[in-house]
Every structure is written in C-alpha cells, then in structure tokens.
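Student: Could we go through the labels used for this structure one at a time? I would like to hear what stands behind each of them.

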Amino acid sequence: MALIVQKFGGTSVGSTERIKNVAKRVARWRAQGHSIILVPSAMAGETNRLIALAKEISPSPDPRELDVIAATGEQVTIGLLAMAMHAEGLKAKSFTGPQVGVLTDSTFTKARILKIDQDRIRQALAEGNVVVVAGFQGADEKGNITTLGRGGSDTSAVALAAAMKADECQIYTDVDGVYTTDPRVVPEARKLDTITFEEMLEMASLGSKVLQIRSVEFAGKYKVKLRVLSSFQDEGEGTLITVEERGNMEQPVISGIAFNRDEAKLTVLGVPDRPGIAYQILGPIADASIDVDMIIQNIGQYDTTDFSFTVNRSDYNKAFAILQAVKEKIGARDITGDTTTCKVSAVGVGMRSHPGVASKMFGALAKEGINLQMISTSEIKISVVIEEKYLELAVRVLHKAFGLEKPQKATLGLTGRGETDIITPS
C-alpha cells in the first residue's frame with residue numbers, strides 16, 4: 001500500500017461532472033488500500049475570471065489583495081471534491097494551503113514555499129480520510145495569503161510529496177504524458193515513456209507547458225518520483241520523470257523539440273566596450289523583475305559593441321522603456337527591438353556523448369532558408385532565435401532530422417529500485 005499525491009489541473013476539474021469522475025477514480029485507488037492526498041487547481045478559467053474582476057476595479061491591483069482573490073478558486077474546488085468523495089462513500093477532508101501550514105515567503109503572486117507542517121495532514125490520513133489540499137497557495141509568516149504563480153498547483157503537489165515522503169507524485173492533466181514536441185504542430189510527435197529531470201527542466205523552461213518549471217526543480221532536488229498522466233484516460237503509464245543513472249540508460253541523442261512563441265528581442269547599439277557595461281544595461285532590467293533569457297554581445301570594434309538579449313514578450317514594452325531611460329547614461333547610439341521572434345530548442349542528455357548535434361540542427365534549418373538570429377547552448381540543449389513565421393516549419397524539420405517520430409529506446413535498470421514500475425489500482 002502506498003502514499004500517493006495526485007494533482008488534478010483545471011481542465012480535469014473543469015465541471016461538476018469532471019469532479020465526480022475524479023472522485024470515482026480516487027475511490028478505485030482507495031479500494032486497493034492506498035492513502036491519497038489530492039491537490040487540485042481552480043476550475044478551468046476560474047483564476048482568469050477572478051483576475052479580470054480585480055482588474056475591472058484597478059488596472060494594477062495591489063499584489064496582496066490580488067492573492068486574496070486568486071486563492072479562492074482552489075478553495076471552491078477542494079470543497080466540491082470533498083463533497084464528491086463523500087458521495088462515493090469515502091471519508092474526505094478539505095484544507096486550504098494555510099490550514100495545513102504551507103509557509104511561503106512574502107513575494108505576493110510569485111511566492112516560494114519555505115516549509116510545510118505535516119501534522120494536520122498525517123492526522124487526517126490516520127483517520128482514514130482522503131486529504132484534499134488546495135494547490136497554488138500558502139501563507140507567509142505574518143499570516144498573509146500568498147499564491148505561487150501560474151501553474152503553482154504543480155509545485156504544491158510536488159512539495160507535499162517531498163514533505164510527506166510519498167511513494168509517487170502523479171500529475172493528472174489533459175495530455176497523457178510528455179511528448180517529443182507539441183502534437184498540434186507535429187502530428188507524428190511521440191509520447192515519451194521516460195525523461196530525465198534535467199531534460200524536463202529544460203523542456204519546461206523552454207516553452208513546454210506540461211509542467212511548471214518550479215515543480216520540476218523541486219522534484220529533482222528532493223528526488224520525488226514524478227509521473228504525468230491523463231485525467232481523461234483510465235489506462236496508460238504516462239511519462240515517468242526520473243533521475244538519470246550514468247551508464248544505465250540507453251538514451252537517445254535528442255529527447256524533444258521545445259519552442260516558445262513569446263520571445264522578444266532587444267538590442268542596444270553602439271555600446272561603449274568597457275568593463276561593467278553589461279551590468280549597467282541588465283541591472284535596471286533585473287531591478288524591474290524582468291527575466292532575461294538569451295544574451296549576445298558582439299566583438300567590439302572601434303571601442304563600441306552591440307548588446308542583444310531576449311525577454312518574454314509581455315515584458316517587452318517595460319524593458320524597452322527602461323533601456324531608453326539608460327541609453328544616454330551608458331552612451332549607447334540607439335535601442336532597437338523585435339516582437340516577431342520565437343525560440344526553438346533541441347533538448348537531450350545524449351548531447352553529452354554525441355558530437356555533431358549543433359551541426360545537424362543548423363544544417364537542417366539552413367536547408368529551409370531559416371536564418372538564426374541568436375544561438376544559446378548548454379550541456380544538454382541548443383536554442384536558436386528565429387522569425388516567428390518560421391516556428392512551425394523549424395519544429396517539424398528538427399523533429400524529423402533527429403528521428404523523434406521513432407519509438408523510444410528501452411530503458412535498462414534505471415535505479416535498481418523498481419523506478420520503472422507504476423503504482424496502479426487493479
């Protein structure tokens with residue numbers, strides 16, 4: 001018998017009928033004697049509705065009050081789920097994040113979990129309850145309600161699994177696993193049986209929307225056994241996200257092609273080529289809480305250089321205004337920007353032992369006449385910035401070039417702990 005944390009996304013609990021289906025699924029697990037902690041999101045569209053209401057009152061809502069409003073979506077879901085469980089003849093108790101002691105920092109709308117008090121959950125489990133905990137929320141040391149950012153229910157579930165030392169954390173969503181790329185762009189995209197935490201972290205950071213990036217970081221740090229499954233299918237083992245064991249996995253060179261449409265590029269032209277200039281440009285950007293992705297500085301000529309970087313498209317106007325403000329201070333010639341760019345990336349731990357990945361990637365794109373505006377690499381990924389109009393073509397070309405439509409190679413003895421086995425109700 002196992003302790004399992006199950007997270008259900010907004011589409012999985014998007015109606016009372018779907019909530020009843022979740023309760024029936026949980027009843028099958030309970031019939032086998034498993035202990036269950038459920039972590040639901042708000043019903044599909046509810047968080048957007050709540051934020052829209054707040055913005056009708058104020059275009060720039062106070063972050064503390066916005067968290068008070070946004071957290072109510074999950075509170076509705078946990079109550080409905082507990083009622084649905086009762087209708088199935090199960091004992092169940094619902095709790096908000098603050099009620100079970102999810103302690104966070106005070107960064108409203110983007111809080112980070114610091115600690116989880118296990119006592120109340122363990123007591124409810126010992127009483128035979130299915131424990132339903134609201135995802136996405138917690139409270140800081142002063143008792144203020146906080147939220148973890150969009151997709152934060154994934155992080156809540158993984159953090160609870162780590163704190164409770166659960167046997168498995170299962171993320172139920174509207175897809176049946178992690179795919180080699182978005183099947184809507186490449187119909188031949190294939191579901192992966194396994195993927196490493198490193199690869200999933202890169203995929204999540206590069207645009208894959210299956211899991212929130214912070215939840216993958218958390219799972220990797222605390223070695224939480226993580227699996228992505230479909231809430232609309234009763235069969236299938238989904239995708240296991242696991243720790244790579246050196247020499248024990250027959251790993252393909254590339255595991256997936258990720259992409260992000262929401263890239264915008266900014267270039268500071270004619271920057272004095274002197275120490276500290278990058279800080280003078282990016283310091284004010286960081287102070288405005290704008291995340292910078294790819295950075296390129298050209299070789300200096302005549303004591304000047306050009307400095308380019310990318311940001312999320314939603315931050316473009318804010319970043320451009322900041323650069324205009326620092327332009328004279330740093331002695332730059334001009335500021336230019338482009339909101340018609342996107343990022344395409346090839347990801348795979350197999351790059352470490354297989355040379356020639358970049359050559360194959362660039363060659364495949366060159367044959368289609370796709371110009372590379374920026375290039376960034378890490379140990380297990382290569383990313384390029386290209387014109388957005390070429391995005392889908394680039395993804396299809398790279399997916400085929402690396403043979404990702406072919407079946408995944410078998411995994412061999414992952415950890416010796418039965419990590420390839422899935423816990424399933426009979």
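Student: Why is E168 called buried?
Tutor: E168 has a relative accessible area of 0%. Buried means under 20%, exposed means over 50%, and partly exposed lies in between (1.4 Å probe, protein chains only), so E168 is buried. Do keep in mind that this is a predicted model, where local features need pLDDT of at least 70 and side-chain atom pairs count only at pLDDT 80 or more, while totals for chains, interfaces and linings use all residues. Residues are numbered from 1 along each chain as its sequence is written, and side-chain values use heavy atoms, leaving out hydrogens and water.

Student: Where is E168 found?
Tutor: E168 is found in strand β9. Strands are DSSP runs of E with at least two residues, helices are runs of H or I with at least four, and both are numbered from the N terminus.

Student: What kind of unit do β1, α1 and β2 make?
Tutor: They make a right-handed β-α-β unit. The crossover is right-handed if, with the strands pointing away from you, the path from the first strand over the helix to the second runs clockwise. β1 and β2 run parallel and share 6 bridges, with I36 of β2 as the bridge partner of I4.

Student: How covered is β1?
Tutor: 6 of the 6 residues of β1 are buried. In a regular strand the side chains alternate between the two faces of the sheet. For β1, L3, V5 and K7 are buried on one side, and I4, Q6 and F8 are buried on the other.

Student: Why are α6 and α8 called roughly parallel?
Tutor: Helix α6 (residues 152-164) and helix α8 (residues 213-222) pack at about 15°, with their axes 8 Å apart. Angles under 35 degrees count as roughly parallel, over 145 as roughly antiparallel, 65 to 115 as roughly perpendicular, and the rest as oblique, so α6 and α8 are roughly parallel. D154, T155, V158, A159 and A162 in α6 meet R214, S215, F218, A219 and Y222 in α8.

Student: What about α3 and α4: why do they get their label?
Tutor: Helix α3 (residues 63-70) and helix α4 (residues 72-87) pack at an angle of about 20°, with axes 5 Å apart. They are therefore roughly parallel to each other.

Student: What is the phi of T109?
Tutor: T109 has a positive phi of about 75°, although this residue is not a glycine. Most residues other than glycine have a negative phi. T109 sits in the loop between β4 (102-104) and β5 (113-116). With a relative accessible area of 27%, T109 is partly exposed.

Student: And is F136 buried or exposed?
Tutor: F136 is buried, as its relative accessible area is 6%. The phi of F136 is positive too, near 80°, and F136 lies in the loop between β6 and β7 (137-139).

Methods. Two strands pair if DSSP finds at least two bridges between them. Axes are lines fitted to C-alpha atoms, for helices over the stretch in contact, and angles run from 0 to 180 degrees between N-to-C directions. Contact means heavy atoms within 4.5 Å.
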